[in-house]
Amino acid sequence: MTRLLQRLLGRLPIGWLQLTHNRTRFAAALVGVAFANVLVFVQLGIMNSMGTATLRPYEFFSADVMISATDANALNDGGNVARQWLLQAMADPDVTDGAGLFIGNVPWDRGDADISLTTFGVDPARPGFIAPEIAGEISLLEVQDAVLVDRLARGLTREEAAAIRPQSPIAFETQGRTLTAYSTFSGGGGFGGDGYMIVSDQTFLSLFPARRSTAPDHILLRLRPGADVAATVLRLRELISDPALRIRSYADAAQEELTYQQTKRPTGIIFGFGVLIGVLVGLVIVYQVLSTDVADHLREYATFKAMGYGQRFFMGIVLEEALILGIIGFLPGFAVGATILTLMAKVTTLPLAITPSMAVTVFVGTVVFSVLSGIIATRRLAAADPADLF
Amino acid sequence: MDTEPVVEIEGLNHWFGEGSARKQALFDIDLILERGSFTVLMGPSGSGKTTLLTLIGCLRSVQNGTLRLLGQNLNGADEALLTAMRRKLGFIFQAHNLHESLTSRQNVMIGAKVHSGVADSMADSAAKHVLGLVGLADRVDYLPANLSGGQKQRVAVARALVGNPELLLADEPTAALDKDSASEVIDLLKRIGASRGMTTLLVTHDSRILDRADRILTLEDGRIVADKP
């Protein structure tokens with residue numbers, strides 16, 4: 001390693017030799033950096049999974065434009081929308097079809113635990129609004145009280161889910177009705193519910209008698225192929241003058257909810273702070289290691305200064321140490337972080353994992369915060385006055 | 001051979017502190033050190049020996065008077081010039097100040113590599129050669145922790161000499177050594193200095209060294225009070 005670094009640096013790897021001279025301290029420093037990495041990985045993993053879980057229900061449907069109430073910051077949030085606006089929207093030449101989307105939470109008593117399924121009520125006669133991987137099963141919902149259930153829902157074993165087929169449906173009671181699951185789709189647990197369920201709008205209204213067919217939660221619109229979505233949205237905003245409505249492209253609605261969940265909701269802010277704390281912990285650990293190291297070698301640095309070495313040489317040594325700590329400390333941090341996220345994913349069914357982009361981001365971040373710590377630590381080098389050696 | 005004096009000092013004064021706390025450490029020093037000479041600087045604590053040594057060693061800026069080092073006037077010299085001049089000097093300190101995580105060879109290589117353009121292989125050979133000269137050929141890959149006090153000081157001597165300095169400044173290099181080790185180090189400095197035409201200015205309280213000096217300067221209260229050959 002020393003020879004490799006000597007070749008890379010074109011000089012003696014003094015930083016490496018200095019760090020590895022005291023192996024116990026070096027190991028402790030690496031554990032510190034790895035710990036900071038684990039903190040960041042876990043927090044980022046949760047934040048990332050929140051993003052994935054937030055966007056997941058949008059993937060169940062296929063639409064170009066979504067009309068919602070102004071207070072609908074999330075798919076299952078906000079007031080209802082009058083169906084009359086669907087008819088009004090159809091007046092636009094680029095709008096080819098429209099459908100109401102109903103959303104509510106349905107409890108399912110699983111014996112040992114109650115789970116809550118975010119339930120979507122859709123018109124089974126309009127499969128065009130359903131994502132292709134689910135659309136093939138949507139006709140099953142034409143039967144009253146038929147449901148498609150999320151096979152990744154918490155509390156539902158994989159074996160149980162695999163057994164749900166049109167030939168072998170399972171029935172369960174909820175909200176005073178008996179629902180029958182004829183098939184499954186891939187959803188996954190989120191932060192707001194344990195999984196998802198799709199029913200017909202008629203079944204939905206049976207489950208929620210207080211709801212009216214004339215007031216869905218959102219209106220989904222499809223445009224003719226090649227239509228300019230942004231231009232259509234602007235026209236619809238002119239056409240539908242109700243200030244209590246938000247008219248957005250479907251993609252924008254998903255993106256806005258993601259931003260809302262990450263920056264406005266307490267969970268997103270808490271996880272964001274978790275990442276920040278991890279970065280700060282890493283900065284402090286690396287700074288502490290480096291500044292102690294500089295302080296311990298002040299006489300040697302002063303000797304080098306007396307010999308004619310300049311500030312760049314010393315910065316080179318400290319930054320070499322910072323990079324070594326950052327790079328080597330990242331590896332155990334990655335391994336432990338990935339293990340923790342895998343275990344958490346099994347327990348929570350949240351989509352928790354280290355993505356390649358997350359790994360690259362954390363690695364680059366680790367190197368950057370290590371270098372930053374190194375730059376701060378080099379300020380202590382000013383105290384190395386060679387005149388004091390005499 | 002260059003016959004110009006290595007050090008020429010005229011009317012050198014130096015102060016520390018500001019305002020009412022300002023205190024003069026050196027008074028009107030005149031001094032010439034000829035090439036190849038071995039000079040001992042003596043004096044009680046606080047007499048200004050260290051101040052004079054650090055001024056000649058480009059570790060402080062000249063405030064008043066003239067100091068020419070290796071033909072270069074240091075009056076008004078900036079940090080870059082002082083740093084460049086220091087590369088032409090060799091320093092030996094009372095404490096060896098070896099880098100604990102570097103072997104003898106690596107510590108000495110640092111002394112060679114201060115000169116830009118010196119390849120690692122060249123610095124490595126030079127370090128081994130000089131360590132051989134100071135009698136540590138069999139200790140090149142030892143860490144300082146595994147060397148005796150005398151051996152460490154000899155590594156420090158090798159580090160100072162490997163850059164082939166024109167002027168060697170040594171501050172109490174034998175203070176921490178026993179009689180035999182001290183004698184070895186002084187013999188070494190004299191022998192190598194004579195063979196290379198290196199000038200040596202050595203601050204010491206060690207009376208054992210005095211009979212080996214070409215010249216003995218005594219400083220008291222910031223003034224040279226005796227200059228004996």
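## Basis of the description

Two strands count as paired if DSSP finds at least two bridges between them. Helices (H or I, at least four residues) and strands (E, at least two) are DSSP runs, numbered from the N terminus. This is a predicted model, in which local features need pLDDT of at least 70 and side-chain atom pairs count only at pLDDT 80 or more, while totals for chains, interfaces and linings use all residues. Residues are numbered from 1 along each chain as its sequence is written, and chains are lettered from A and ligands numbered from 1 in the order in which they are written.

## The sheet of chain A

In chain A, nine strands form an open sheet with mixed pairing, in the order E5-E6-E4-E7-E3-E2-E8-E1-E9. Strand E5 (170-174) and E9 of chain A are the edge strands, each pairing on one side only. From one strand to the next the twist averages 30°; here axes are lines fitted to C-alpha atoms, for helices over the stretch in contact, and angles run from 0 to 180 degrees between N-to-C directions. Six bridges join strand E3 (residues 114-122) of chain A to E7(A) in the parallel sense. Thr119(A) has Met197(A) of E7(A) opposite.

Helix H8 (residues 229-239) of chain A packs on this sheet and touches E1, strand E8 (218-223) and E9 of chain A. The direction of H8(A) makes about 165° with that of E9(A). Helix H9 (residues 250-263) of chain A lies across E1 and E9 of chain A, at about 110° to E9(A). Contact between two residues requires C-beta atoms, placed from the backbone, within 7 Å.

## Strand E9 of chain A

Strand E9 (residues 245-249) of chain A is largely enclosed by the rest of the structure, because four of its five residues are buried. A residue is buried if 20 or more other C-beta atoms lie within 10 Å of its own, exposed if 12 or fewer, and partly exposed in between, with C-beta atoms placed from the backbone. Strand E1 (residues 65-69) of chain A pairs with E9(A) in the antiparallel sense over five bridges. Ile247(A) in E9(A) is the bridge partner of Ile67(A).

## Gly187 of chain A

Gly187(A) sits in the loop between strand E6 (177-185) and strand E7 (195-200) of chain A. Gly187(A) counts as buried because it has 27 C-beta neighbours inside 10 Å. Leaving aside neighbours within four places in sequence, Gly187(A) has contacts that include Arg56(A), Asp150(A), Leu152(A) and Tyr196(A). Pro57(A) is 130 residues from Gly187(A) in sequence, but 7.4 Å from it in space, C-alpha to C-alpha.

## The contact between the chains

Chain A gives 19 residues to the contact and chain B gives 23 residues. On the side of chain A that touches chain B, helix H2 (14-21) and helix H11 (298-307) of chain A each supply at least two residues. H11(A) has the largest share, six residues. By class, this side of chain A has 10 nonpolar, six polar and three charged residues. Ala, Val, Leu, Ile, Met, Phe, Trp, Tyr, Cys and Pro count as nonpolar, Asp, Glu, Lys and Arg as charged, and the others, Gly among them, as polar.

## The four-stranded sheet of chain B

Chain B has an open sheet of four strands, ordered E2-E1-E4-E5, with antiparallel pairing. Its edge strands are strand E2 (23-33) and strand E5 (72-73) of chain B, each pairing on one side only. Strand E1 (residues 7-16) of chain B runs antiparallel to E2(B), joined by seven bridges. His14(B) stands opposite Leu26(B) in E2(B). Helix H1 (residues 49-56) of chain B packs on the sheet, touching E1, E2 and strand E4 (64-69) of chain B, and its direction makes about 60° with that of E2(B).

Asp28(B) is also in strand E2 of chain B. Its phi is near 45°, a positive value in a residue other than glycine. With 14 C-beta neighbours inside 10 Å, Asp28(B) counts as partly exposed.

## Helix H6 of chain B

The 18 residues of helix H6 (residues 179-196) of chain B should span 26 Å at 1.5 Å a residue, and the end C-alpha atoms are 26 Å apart, which agrees. The expected span is 1.5 Å times one less than the number of residues. Ala182(B), Val185(B), Ile186(B), Leu189(B) and Ile192(B) are the buried residues of H6(B). Seen down the axis of H6(B), they fall within an arc of 140°, so they line one face of the helix; the arc is that of the directions from the helix axis to the C-beta atoms. On the other side of H6(B), the exposed residues include Lys179(B), Asp187(B) and Arg191(B).

The cover over the buried residues of H6(B) includes helix H4 (120-133), helix H5 (149-161) and strand E7 (167-171) of chain B. Gly197(B) follows H6(B) and has a positive phi, near 70°.
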